[in-house]
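This report looks at how side chains meet inside one protein model. Please view the sequence and the structure below before reading on.

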Amino acid sequence: MKKFGISLLIAGIISVSAFAKGNDFIFSFGNGGLTSYKVQDNSCYVYVFNYPKNEKKISDIINRALMTSLLRAKKQFSKDNDGFINIKTHLKFIGKEKIIYQVCGDVIRRR
């Protein structure tokens with residue numbers, strides 16, 4: 001399970017990198033290599049999922065939510081801003097009933 005999760009994470013990072021290179025809007029879990037930028041806004045995307053019957057599907061659900069968040073951030077902010085960086089994810093299980101997943105980051109403009 002760990003190898004599968006790691007491979008999904010690597011595939012996600014590679015696809016995010018390729019997606020970001022297509023235009024100048026940057027996605028990064030750190031500062032994106034930028035030394036000078038101004039934070040324009042902070043944004044969070046929150047998802048509440050029913051706990052799946054098959055626990056192996058949890059990583060797929062979370063990866064889809066992350067990619068959806070990045071696509072929404074690009075659509076919402078790319079017109080006037082340069083990136084969505086310092087991305088943090090938070091995951092909380094409420095028993096075996098619900099999963100709460102949150103993706104937050106800073107919307108920035110280069111200086």
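## Aromatic pairs and the core

The structure holds 4 aromatic pairs, where rings of Phe, Tyr and Trp (its six-membered ring) pair if their centres lie within 6.5 Å; planes under 30 degrees apart count as stacked, over 60 as edge-to-face and the rest as tilted. Two of the pairs are listed here.

| Pair | Centre to centre | Angle of planes | Type |
|---|---|---|---|
| Phe 25 and Phe 27 | 5.4 Å | 80° | edge-to-face |
| Tyr 45 and Phe 84 | 6.3 Å | 70° | edge-to-face |

Tyr 45 belongs to strand 2 and Phe 84 to strand 3, so their pair ties together parts that are 39 residues apart in sequence. Helices (H or I, at least four residues) and strands (E, at least two) are DSSP runs, numbered from the N terminus.

This is a predicted model, in which local features need pLDDT of at least 70 and side-chain atom pairs count only at pLDDT 80 or more, while totals for chains, interfaces and linings use all residues. Residues are numbered from 1 along each chain as its sequence is written, and side-chain values use heavy atoms, with hydrogens and water left out.

Phe 25 is buried, at a relative accessible area of 2%, and Phe 27 is buried at 9%. Buried means under 20% relative accessible area, exposed over 50%, partly exposed in between (1.4 Å probe, protein chains only).

## Salt bridge

There is 1 salt bridge in the structure, meaning a side-chain nitrogen of Lys or Arg within 4 Å of a carboxyl oxygen of Asp or Glu. Glu 55 and Lys 96 form this salt bridge, at 2.4 Å from N to O. Glu 55 is partly exposed (39%), and Lys 96 is exposed (58%).
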